[in-house]
Amino acid sequence: MSLIQTLDERISSTFQPISDAIVGVVFYSVPVAGTSFPLIVGWLIAAAIIFTFYFGFIQFRGFGHAIDVVKGKYSDPSQPGEVSPFQALTAAVSGTVGLGNIAGVAVAVAIGGAGATFWMILAGILGMASKFTEVTLGVMYRDIRQPSGVVAGGPMRYLSKGLAEMGMPKWGKFLAGFFAICCVGGAIGGGNMFQANQSFAQVVNVTGGANSWLAGHGWLFGLIMAAVVGLVIIGGIQSIAAVTSRLVPTMALLYLGAGLVVLAVNADMIFWAFGQIIGGAFSAEGVAGGMVGALIQGFRRATFSNEAGIGSAAIAHSAVRTDQPVSQGFAALLEPFIDTVVICTMTALVIIITGHVTAGGVTELAGEARGVALTSAAFGSAISWFPYVLAVCVVLFAFSTMITWSYYGLQAWTYLFGDSRAADLSFKFMFLFFVVIGSTMSLGPVIDFSDSMIFAMGIANIIGLYFLMPVVKRELNKYWAGIQDGSIAPQLKA
């Protein structure tokens, strides 16, 4: 144990100066109304607003069509690709639905009060336009390798190929390379080690805390998790999608079902809770920064959770079987809705309706509980054994995030080092090794560094989206015309 602690300290001290420098740049914040506002959040939200207006509020106009696409109404199994629209969506959702939906939301409402929920929902709705844009491009510029039919897609491809078409090949290659490097770093840390670390902590917490038989045996938990993850990722995106298409609906129903029970137990408080959310969104007395403080926390949590504008989801959606890139763009806009508007909002409602947070911030009932502990306390206040259900959800959310981010990291890795079996296996074994490391060590600076890598992806991605959004608009107009004249029609099922 002492050896692990010493190694942990050495890694932390080595990474600390590097991490602090990069985090300071990526998450550079400016003071706004007495609270700090990370400019990267403004960068992502501004892009979401621009795409929303540029595409004529596509998240509202195309919502019904998006559901039809995901249901397979426009699917043709003979089209190139590896997975169905529904499988691509669940793979991407599994990458965003993680511990942030449980712990991150609790932190946001604890700091920003109940009103942060309103701004979180708004940011989630705006982010739907960003997802539509980046995923449409991901499918448009993907590479389909022959004769295997294996797909390679994502921002690396549309940044390099799309900007080359616009006469900026060097700029495109630079942005693609920058994105890929950041994606590998993000996959290893935030998409892997953080998930393993926090899920282990929650399992230890519900099995006795310091007295748990697992306490001090993070390596054992890590080995088990690595083995299960390895069994899935070895089969590539088809194996990952086969798992997520079953796992995502199951874990979402489990978590939402538990949340609905808590709401039912406190049914008389539902209107009061929504009053706290609306009132706190525009006043938030007692919260640092008041209304602006609530807005910042809500926007921050939404962008951190649904990753709209980061570009990660475009990698998963690129594997879809279709010859209509825009159709999968529609499917993708459901992602922030599921992640933020539905799941994150359920977490916030449970915490608020049980009296742990009001428009003015945390209450005495919350005590010192924050993050997962605050969410666990809120669930436990309704039914005593619900923290065990939450622990299961935490592990499932973490597992789903890890298998999807392994694919994101692999696609970035092979873009940088070439598509070969050696490159494929070397990344997968490295990823599994870090599952064990993440379960064993705290690695604070390493996780901070990884988070900065994930959001640095959004810098390169958004720049490319601004250049390429006219291309998306042209494709969108052609697609709508095809829907109207019947050349793009629902598939008849045998």
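Start by selecting Cys182, which counts as buried at 2% relative accessibility. Here buried means under 20% relative accessible area, exposed means over 50%, and partly exposed lies in between, with a 1.4 Å probe and protein chains only. The model is predicted, so local features need pLDDT of at least 70 and side-chain atom pairs count only at pLDDT 80 or more, while totals for chains, interfaces and linings use all residues. Residues are numbered from 1 along each chain as its sequence is written, and side-chain values use heavy atoms, with hydrogens and water left out.

**Stop 1: the cysteines**

How many disulfides does the structure hold? There are zero. Cys182 is in no disulfide, and the nearest cysteine sulfur, that of Cys183, is 8.7 Å away. A disulfide here is a pair of cysteine sulfur atoms within 2.5 Å.

Select Cys344 next. Its relative accessibility is 0%, so Cys344 counts as buried. The closest cysteine sulfur to that of Cys344 belongs to Cys393, and at 14 Å it is too far for a bond.

**Stop 2: the largest cavity**

A search of the whole structure finds two cavities of 30 Å³ or more. A cavity is a set of points on a 1 Å grid, over the protein atoms alone, where a 1.4 Å probe fits but cannot get out; lining residues have an atom within 4 Å of a point. Grid points are joined across faces, edges and corners, and a volume is the space filled by probe spheres set on the points.

The largest cavity has a volume of about 50 Å³. To display its lining, select Leu44, Ile45, Ala48, Ala123, Gly127, Ser130, Ala302, Thr303, Asn306 and Ala308. Three helices each supply at least two of the lining residues: helix 2 (39–54), helix 7 (116–140) and helix 13 (290–306). Helices (H or I, at least four residues) and strands (E, at least two) are DSSP runs numbered from the N terminus.

Gly127 is buried, with a relative accessible area of 2%. Not counting residues up to four places away in sequence, Gly127 touches Ala48, Ala308 and Pro336. Contact means heavy atoms within 4.5 Å. For a distance check, the C-alpha atoms of Gly127 and Gly98 are separated by 17 Å, and the two residues are 29 residues apart along the chain.

**Stop 3: the second largest cavity**

Now move to the second largest cavity, which holds about 40 Å³ of space. Its lining consists of Ile233, Gly236, Ile240, Ser406, Tyr407, Leu410 and Lys428. Helix 11 (236–265) and helix 18 (386–417) are the elements that give two or more residues to this lining. Which of the elements gives the most? Helix 18 does, with three residues. By type, the lining of the second largest cavity has four nonpolar residues, two polar and one charged.

Select Lys428, which lies in helix 19 (residues 421–440). At 9% relative accessibility, Lys428 counts as buried. Show its side chain together with that of Asp424: a polar contact of 3.1 Å joins the two. A polar contact is a pair of N or O atoms within 3.5 Å; within protein, one must be able to donate a hydrogen and the other to accept it, and residues adjacent in sequence count only if both atoms are side-chain atoms. Leaving aside neighbours within four places in sequence, Lys428 is in contact with Ile233, Ile234, Gly236 and Leu410.

**Stop 4: positive phi**

Most residues other than glycine have a negative phi. Phe57 has a positive value, near 55°. Phe57 sits in the loop between helix 2 and helix 3 (58–61) and is partly exposed, at a relative accessible area of 37%.

Glu307 also has a positive phi, near 60°. Look for Glu307 in the loop between helix 13 and helix 14 (312–317). Is Glu307 buried or exposed? Glu307 is buried, with a relative accessible area of 7%.

**Stop 5: helix 6**

Finish at helix 6 (residues 103–112), where eight of the 10 residues are buried. Select Ala103, Gly104, Val105, Ala106, Ala108, Val109, Ala110 and Gly112 to show the buried residues of helix 6. Just after helix 6, Gly113 takes a positive phi of about 75°.

Terms used
On a 1 Å grid over the protein atoms alone, a cavity is a set of points where a 1.4 Å probe fits but cannot get out, and a pocket is an open set with protein on both sides within 12 Å along at least five of seven lines; lining residues have an atom within 4 Å of a point. Ala, Val, Leu, Ile, Met, Phe, Trp, Tyr, Cys and Pro count as nonpolar, Asp, Glu, Lys and Arg as charged, and the others, Gly among them, as polar.
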